[in-house]
Amino acid sequence: MYPEADKINQILADAKHIVILQADNPDGDSLGSALALEHILGDMGKEPYLYCGVDIPSYLTYLPGWDRVSKELPSQFDASIVVDTSADSLFENLATSNQKHWLNTKPCIVIDHHAVELTIPFATVSCNKEAVATSEVIYELAAQLGWPLSLNAKEMIAIAIMADSLGLVTEATTARSIHIIAELVEGGVSLADLEHARRLLMRKSPELVHYKGELLQRVEYFSDNRIATVSIPWKEIEQYSPSYNPSMLVMEDMRMTIGAQVAIGFKIYKDGKVTAKIRCNQNAPVAAKLASHFGGGGHPYASGFKIQNGRPFNEVKSECINLTTELLDNLEREQNDETIQHANA
């Protein structure tokens with residue numbers, strides 16, 4: 001039972017027009033959670049509005065309703081719900097548009113699953129519970145508060161859980177996560193149909209296949225091959241991003257290299273901004289610590305950060321590789337110490 005549930009319910013009871021916000025790094029969980037809430041609130045007689053400060057990535061456009069997400073915040077609303085983040089820093093575009101202060105004037109609900117310290121100053125109430133996905137928290141809130149769950153809402157929850165758990169195989173996946181998926185299937189959700197729709201969208205053009213080959217040839221390995229990196233210059237971001245996120249073309253291949261523990265995809269933008277997408281294998285949960293060092297955030301196995309202070313890319317890259325090596329070395333020492341302690345117990 002979530003103690004925040006009653007306060008959340010009261011805010012929603014008093015509101016008609018409700019903005020659902022994703023941070024500037026949308027993924028399968030944030031979009032699935034937002035769309036699930038859109039269906040839930042709509043069935044409750046509310047008027048939900050979907051916001052995200054950036055374009056929805058093309059790989060997520062198999063989710064029905066992705067095109068209802070707007071990059072403009074409405075000037076009039078009664079309450080807001082932030083999904084899949086507890087970090088104010090991830091609403092950069094909202095801040096630069098001078099719209100963020102609007103959120104201070106109305107009640108705001110934060111629903112997240114990272115179980116980290118809340119840094120959203122305009123939040124009225126936060127339900128930030130450790131779970132495999134934000135959509136799992138939404139499902140539990142719906143059960144506790146009697147929210148309506150249409151088939152569309154159930155499908156979005158299922159998609160979001162499957163996305164963040166990588167198909168129910170991540171370390172954060174619990175028995176409850178699997179039970180929820182089973183309950184959703186019992187409620188009419190077809191995982192096969194959802195996966196078929198995703199795979200249809202994931203098909204790549206011959207141009208992208210050739211580009212993937214070029215990227216694989218540029219992958220670099222460091223720290224005894226434990227770290228794999230690839231760097232995407234602005235010209236390629238501009239050319240290929242409308243069709244596919246370039247770094248995601250090769251991240252899984254990088255993680256699957258023998259000996260690799262961490263894959264990092266760098267992007268270098270025209271204005272000098274540098275972003276990094278981090279993915280870790282199960283034996284190396286260092287992604288969140290690495291991203292946090294650079295002001296970013298995320299999960300132990302998936303995170304990211306961005307640098308906008310004009311630092312040269314090579315300097316950022318070198319520091320990132322050195323810190324990753326240090327984190328992996330520390331983790332290895334901790335694991336060896338635990339092994340010795342168990343052996344001596």
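Is Val230 buried or exposed? Val230 is buried, with a relative accessible area of 1%. Buried here means under 20% relative accessible area, exposed means over 50%, and partly exposed covers what is in between (1.4 Å probe, protein chains only).

This is a predicted model, in which local features need pLDDT of at least 70 and side-chain atom pairs count only at pLDDT 80 or more, while totals for chains, interfaces and linings use all residues. Residues are numbered from 1 along each chain as its sequence is written, and side-chain values use heavy atoms, with hydrogens and water left out.

Val230 sits in strand E7, residues 227-232. Helices (H or I, at least four residues) and strands (E, at least two) are DSSP runs, numbered from the N terminus. Leaving aside neighbours within four places in sequence, Val230 is in contact with Leu215, Val219, Val250, Met254, Ile264, Gly265 and Phe266. Contact means heavy atoms within 4.5 Å. Asn25 is 205 residues from Val230 in sequence, and their C-alpha atoms are 19 Å apart.

Now take strand E8, residues 262-268, which holds Val262. Val262 also counts as buried, at 1% relative accessibility. Beyond four places in sequence, the contacts of Val262 include Ile227 and Ala228, along with Ile278, Cys280, Val286 and Leu328. Ile307 is 45 residues from Val262 along the chain, with 20 Å between the C-alpha atoms.

Next comes helix H2, residues 28-43. Its 16 residues should span 22 Å at 1.5 Å a residue, and the end C-alpha atoms are 22 Å apart, so the two values agree. The expected span is 1.5 Å times one less than the number of residues. H2 is mostly covered, with 14 of its 16 residues buried. Asp27 caps its N-terminal end: a side-chain oxygen of Asp27 lies 3.1 Å from the backbone nitrogen of Asp29. Just after H2, Gly45 has a positive phi of about 85°.

The loop between strand E1 (17-22) and H2 contains Asp24. The side chain of Asp24 does reach backbone nitrogens. A polar atom of that side chain lies 3.0 Å from the backbone nitrogen of Glu92. The backbone nitrogen of Asn93 is reached at 2.9 Å.

What of the cysteines? The whole structure has 0 disulfides. A disulfide is a pair of cysteine sulfur atoms within 2.5 Å. For Cys52, the closest cysteine sulfur is in Cys108, 15 Å away, too far for a bond. For Cys108, the closest is in Cys127, at 13 Å, again too far for a bond. Cys52 is buried at 0% relative accessibility, and Cys108 is buried with a relative accessible area of 0%.

Last, two backbone exceptions. Most residues other than glycine have a negative phi. Leu166 has a positive phi of about 55° although it is not a glycine. Leu166 lies in the loop between helix H5 (151-164) and helix H6 (175-186), and is exposed at 52% relative accessible area. Asp224 has a positive phi near 60°. Asp224 is in the loop between strand E6 (220-222) and E7, and is exposed with a relative accessible area of 71%.

Definitions and conventions
Polar contact = N/O pair within 3.5 Å; in protein donor to acceptor, adjacent residues only side chain to side chain.
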